[in-house]
Amino acid sequence: MGRHLWRLVPFARPYTKRILTGLATNAMARLFDLLPLVLVGQVVDLITPGANGLALAATEPHLFWVYGLAVLGGFLGLALCQSASDYALDSMAQMVRHDIRGRLYEHIQRLDVAFFEERQTGDIMSVVSSDVDTLENFFADVSTSIVRLVITFTGTYAVLFWLDWRLALLLLAPLPFAVAAVRFFAKRVQPRYRQARRAVAAINSIIENNLQGIGVIQAYTAEGPQAERVLAQSAEYRDAAIHAAAERARFLPIIYVLAGLSFGTLIALGGWLTFTDQGPSVGDFTSFILLAMRLVLPLFVFGMLINQIQRSEAAAQRIMELLDTEPAIRDRLDAKPLAGRPSCVEFRDVRFDYKGREQIINGVGFALGTGRLIGVVGPTGAGKSTLVKLLLRYYEPDSGQILVDGLPLTGLALESFRRYVGYVSQDPFLFFGPVLDNIRLGSPEASDEDVRRAAEVAGADEFIQGLPQGYQTLVGERGLKLSGGQRQRISLARAILRDPAILLLDEATASVDTRTEEIIQRNMDRLRAGRMILAVAHRLSTVRNADEILVLVDGLVVERGRHEELVRKGGVYAGLWSVQSGEGAPVVQATEQEA
Ligand SMILES: Nc1ncnc2c1ncn2[C@@H]1O[C@H](COP(=O)(O)OP(=O)(O)OP(=O)(O)O)[C@@H](O)[C@H]1O
């Protein structure tokens, strides 16, 4: 067993009693299993004529009944012990699997956004599902098989030594060769399993990604090349598995030949010893042969076990890797919870680059207090969404500070801060389930009436009432499809319901029509009281009423002020405004002039 599997032992510890019961009953089952083989020998002796030419059965015929009942007792014992053992160990494995999966999911949920940007969803999925399943198999089957193997082996050998120690020693002779063969086999197969596991993860990743974008694949008739990508990965798995099978095919004959050699010698030598009265009785020799046959199976099981243990080790390694991944964004040891509802947020000369990218946010500063709305506008790729994500603490600034009520955001307990934040992302996400649950995501205690009011403010109530089952309509993946604007409004209602102190809107109304936006705008003006709003917008009318508008270009605030001031100034904002309000030159002309 490798070191990764050992690290999973703590998951089994709470079930020690169940494991011990399972192992003990399994041990007893093995002994009951061997009992009939010994009894067969006794019956053979019972009917074999002795030195006086008479079989014992002639004088004690009732012994047939005794042996018959003893065999029946053996089977009954086997039945009871085996099923008790199976139940104890199987249920333990299910519990361990449940715990590992739960722990993994909880852990993954805490990992930061940057982690999910780097790892593919399918890859993570294959750890949570198939790797965890492999371990269930390990805890249920492999652990039982190990016990079965050890007990059958030691139990059988003990009886064999008792029957005839010379023949027993003879049987032991090929064991070192068998162990060497198993080890050799294991070493060669392990890399193949690792390769196969990697290939499975890659296949899952591609398929999951492609299914999400199936519409794009079909629109661009890219089915052929995409199928080839999947096939190429699948071929890697196939080849690794075939290689492993080839190794197994080479290993099996070695074991058979070794078993054949020792059996052949046993039959020849044992038969001769029995015949010449120098060895065991005919009955004992019969038992001996039957028991010895039982030893071959464990040898094969041993090979398969090594196989399974290696697979489990590879799965455990991937699970432990995930569990060992610490979120980059997490509470510091001395993190303080936010004392209460925050009333001001400040960016001080904040600079930030994504990994491998430069000059994303280049020294941004602003202060936002309760009751105020700051609008952020600027060309695409200027860093507007990044500003919002920094305030959400998806990422931390490389330099400069973000202060909440004068305290650095990085020093706050994450949860105590985020519970005061409402966030509507550029591409709002709806989970599969009723509209109601989607809005209630961050406020599980909210009443249906609260949800409806939030939806009203977000301009969503009317259309939700018109859905087939109103607030109970299933949406999200495989639910009813909604338009971009409808999804945005549900997402906005979700943020509003939270009654956040800080409302972050990233193009929150970009997909709704102007009339609906006007309604939402009016509601927002009411909402502004008692909270801070940071709103990113391309459509300038959205932030027209902002207390301050930041014009962001290449991660720098190049202009700031109220709408009227900026228009008067005649700079970047004024240029954008004149185009959007239709006062300036049409876009096409402008492009031609630039050209
Ligand atoms: N997760 C990321 N990793 C690396 N680079 C990123 C990441 N997200 C955004 N970027 C890059 O950072 C820059 C700023 O992106 P951001 O999303 O903040 O722009 P934006 O102003 O919101 O643009 P838009 O108006 O198009 O939404 C872009 O050049 C973008 O390519």
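1. In which kind of crossing does helix 7 pass helix 10? The crossing is right-handed. This is a predicted model, and the points below concern its helix packing, its annotated spans and the surroundings of its ligand.

2. Helix 7 and helix 10 (residues 223-275) have axes that come within 9 Å and cross at roughly 160°. Angles over 145 degrees count as roughly antiparallel, so helix 7 is roughly antiparallel to helix 10. On the helix 7 side, the contact is made by Leu167, Leu170 and Leu171. Helix 10 contributes Ser262, Thr265, Leu266, Leu269 and Gly270. By class, this contact has five nonpolar and three polar residues, with no charged ones.

3. Helix 7 (residues 165-172) also packs on helix 6 (residues 121-163), with axes that come within 6 Å and cross at roughly 140°. The two helices are therefore oblique to each other. Tyr157, Leu160 and Phe161 of helix 6 meet Trp165, Ala168 and Leu171 of helix 7. Six nonpolar residues make up this contact, which has no polar and no charged residues.

4. Helix 15 passes helix 17 in a right-handed crossing. The residues in contact are Asp450, Val451, Ala454, Ala455 and Val457 from helix 15, and Ala493, Ile496 and Leu497 from helix 17. The class count for this contact is seven nonpolar, no polar and one charged. The charged class includes Asp, so Asp450 of helix 15 is the charged residue in that count.

5. How many residues are around the ligand, and which come nearest? There are 13, of which Tyr354, Thr380, Lys384, Ser385 and Thr386 come nearest. Helix 12 (residues 384-392) supplies the largest share of the shell, three residues. By class, the shell has three nonpolar, seven polar and three charged residues.

6. The UniProt record, an unreviewed entry, places the feature "transmembrane region" at residues 20-44, 64-89, 146-163, 169-186, 251-273 and 285-306. Two of these spans can be set against the model. Residues 20-44 are 100% helix and 0% strand, and the end C-alpha atoms of that span lie 37 Å apart. For residues 64-89, the end C-alpha atoms lie 37 Å apart, and the span is 100% helix and 0% strand.

Terms used: Residues numbered from 1 in each chain as written. Predicted model: local features only at pLDDT ≥ 70, side-chain atom pairs only at ≥ 80, totals over all residues. Left-handed = near helix turned anticlockwise from the far one by under 90°. Helix = DSSP H or I, 4+ residues; strand = E, 2+ residues; numbered from the N terminus. Contact = placed C-beta atoms within 7 Å. UniProt positions renumbered as here; feature names shortened; annotations may be inferred. Near = placed C-beta within 6 Å. Axes fitted to C-alpha atoms, helices over the stretch in contact; angles between N-to-C directions. Parallel < 35°, antiparallel > 145°, perpendicular 65-115°, else oblique.
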